[in-house]
Amino acid sequence: MKVYSVVLLTLSSLLIMSPFTTHKAQASCAMTDVSFQVAIRGSRTPSQQTNNVGMGTMGDCWGNATTNTSTQVYTGAGTVQQGRNSSHLVGGSQPLPYGVTGPVIGTQISVPVDIYSPAHDPNFINNTLGTGFHH
């Protein structure tokens, strides 16, 4: 029973002291870029979808975040060219007072969707049924 009491007393003293001996955690910087490019097309030529993302830092960085999102949608009979340029720059923070540094985290999510749609192809009926089809 004495050992149990000593363990509880030790744990409770650590819990009481912990707010006075620890510092708040600070995040480094984070950059997130999310792009959706959707082409629903009646052309049999594949779409051309490009997504150029630049991410950079300037000096010390902590506690900052950037987020860019975009959506491009095309529906129609023609050929498709979708292009996107995005850039992020984070920094300018004072150094952490605790001497802790961390990496800048950059995440890029690119979702290209390219769908051939017979409903958008003006030649689909002729190509499928031929010229001899009569009502």
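**Entry 1: Arg41 and its polar contacts**

I began with the side chain of Arg41, where a polar atom lies 3.4 Å from the backbone oxygen of Thr45. I counted this as a polar contact, meaning a pair of N or O atoms within 3.5 Å, where within protein one must be able to donate a hydrogen and the other to accept it, and residues adjacent in sequence count only if both atoms are side-chain atoms. The side chain of Arg41 also reaches the backbone oxygen of Ser43, at 2.3 Å.

I noted for myself that this is a predicted model, in which local features need pLDDT of at least 70 and side-chain atom pairs count only at pLDDT 80 or more, while totals for chains, interfaces and linings use all residues. Residues are numbered from 1 along each chain as its sequence is written, and side-chain values use heavy atoms, with hydrogens and water left out.

**Entry 2: The chain as a whole**

I then looked up the elements of the protein chain and found 2 helices and 5 strands, which run α-β-β-β-β-β-α from the N terminus on. Helices (H or I, at least four residues) and strands (E, at least two) are DSSP runs, numbered from the N terminus.

Of the 135 residues in the protein chain, 20% are buried. Here buried means under 20% relative accessible area, exposed means over 50%, and partly exposed lies in between (1.4 Å probe, protein chains only). The protein chain exposes about 9,600 Å², and carbon and sulfur atoms supply 60% of it; accessible areas come from the Shrake-Rupley method with a 1.4 Å probe, and for residues only the protein chains shown count as cover.

I also looked at contacts, which are heavy atoms within 4.5 Å. Among the contacts in the protein chain with a separation of 6 or more, residues 24 or more positions apart account for 85%.

**Entry 3: The sheet**

Which strands form the open sheet, and in what order? I found 3 strands in the order S3-S1-S5, with parallel pairing. The edge strands are S3 (65-76) and S5, each of which pairs on one side only. From one strand to the next, the twist averages 5 degrees; axes are lines fitted to C-alpha atoms, for helices over the stretch in contact, and angles run from 0 to 180 degrees between N-to-C directions.

Two strands pair if DSSP finds at least two bridges between them, and S1 and S5 pair in the parallel sense over 12 bridges. I reminded myself that strands of a sheet pair through backbone hydrogen bonds, either parallel or antiparallel.

**Entry 4: Back to Arg41**

Arg41 lies in strand S1 (residues 30-41), and its bridge partner in S5 is Tyr116. Is Arg41 buried or exposed? Arg41 counts as buried because its relative accessibility is 6%. Leaving out residues up to four places away in sequence, I listed what Arg41 touches, including Pro46, Tyr74, Val80, Asp114, Ile115 and His120.

Ser43, whose backbone oxygen the side chain of Arg41 reaches, has its place in the loop between S1 and strand S2 (48-58). Ser43 is buried, with a relative accessible area of 11%, and beyond four places in sequence Ser43 touches Ala77, Gly78, Thr79 and Tyr116.

**Entry 5: Salt bridges**

How many salt bridges are there? I found a count of 2, taking a salt bridge as a side-chain nitrogen of Lys or Arg within 4 Å of a carboxyl oxygen of Asp or Glu.

Arg84 forms a salt bridge with Asp33, the closest N and O atoms being 2.8 Å apart. This pair links distant parts of the chain, with Arg84 in strand S4 (residues 81-91) and Asp33 in strand S1, 51 residues apart. Arg84 is buried at 9% relative accessible area, and Asp33 is buried at 0%.

The side chains of Arg41 and Asp114 meet in a salt bridge at 2.5 Å, N to O. This pair too links distant parts of the chain, with Arg41 in strand S1 and Asp114 in strand S5 (residues 105-116), 73 residues apart. Asp114 counts as partly exposed, at 31% relative accessibility, whereas Arg41 is buried.

**Entry 6: Two further residues**

Gly106 is in strand S5 and is partly exposed, with a relative accessible area of 47%. Gly106 and Met31 are 75 residues apart in sequence and 4.6 Å apart in space, C-alpha to C-alpha. Leaving aside neighbours within four places in sequence, Gly106 is in contact with Met31 and Met55.

Ala119 is found in the loop between S5 and helix H2 (124-129), and I noted that Ala119 counts as exposed because its relative accessibility is 73%.
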